[in-house]
Amino acid sequence: MSTVPPARPPVFQPGCALCSQDGGTVVWRNERLRVIRADEPGFPAFYRVVWNSHLPELSDLSTFERLHCLEVVTTVERTLRQQLQPTKINLAALGNMVPHLHWHVIARFDWDSHFPAPIWAAAQRERALEQEEAVRARLPEIEAVLRIQLPLA
């Protein structure tokens, strides 16, 4: 029987946007990380998995922490796929602008303004406001599913 190691004491970096604020609407949180819904116009199902303590890279985590983080990322991805059937899920852990470990988990649709390009590229077409709103309307139920699934991650 394995035991879960205790979370390390949190470390916060002055001036870090993800240390000083949640970074979006908190959907779920535990002592190690949080899942937030980002407010990114044009991309209603854009979530971030944010490590609570200030660390810049995935390799800064212990093996247990790394597995836990990736299991949460996978749970968010799986839930978005099951609930929304997007064309693709984009995963990114860039951290160039905010060097605080966080993963972007973004449901992408062939109708979104940037698809198939990355969301940070130039738009390919006008926004599909009706489709965006239909996705946005489903987020409360999707986030309820996430809150049930995430403690198991």
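Predicted model: local features only at pLDDT ≥ 70, side-chain atom pairs only at ≥ 80, totals over all residues.
**Stop one: the largest pocket**

Start by selecting Arg48, Met97, Val98, His102 and His104. Of the 16 residues that line the largest pocket, these lie nearest its centre. Now bring in the secondary structure: helix H1 (17-20), strand S3 (46-51) and strand S5 (102-108) are the elements that each give two or more residues to this lining. The space you're looking into has a volume of about 250 Å³. What classes of residue make up the lining of the largest pocket? Colour by class and you'll find 8 nonpolar, 6 polar and 2 charged residues.

**Stop two: Glu132**

Next, click on helix H3, which covers residues 129-149, and pick out Glu132 within it. Is Glu132 buried or exposed? Its relative accessibility is 1%, and because buried means under 20%, Glu132 counts as buried.

**Stop three: Val72**

Finish on helix H2, residues 63-84, where you'll find Val72. Val72 counts as buried too, because its relative accessibility is 0%. How far apart are the C-alpha atoms of Val72 and Leu152? They are separated by 9.0 Å, although the two residues sit 80 residues apart along the chain.

Note on methods. Residues numbered from 1 in each chain as written. Heavy atoms only, no water. Helix = DSSP H or I, 4+ residues; strand = E, 2+ residues; numbered from the N terminus. Buried < 20%, exposed > 50% of the residue type's maximum accessible area, 1.4 Å probe, protein only. 1 Å grid on protein atoms, 1.4 Å probe; cavity = no way out; pocket = protein on both sides within 12 Å on 5 of 7 lines; lining within 4 Å. Points joined across faces, edges and corners; volume = space filled by probe spheres on them. Nonpolar A, V, L, I, M, F, W, Y, C, P; charged D, E, K, R; others polar.
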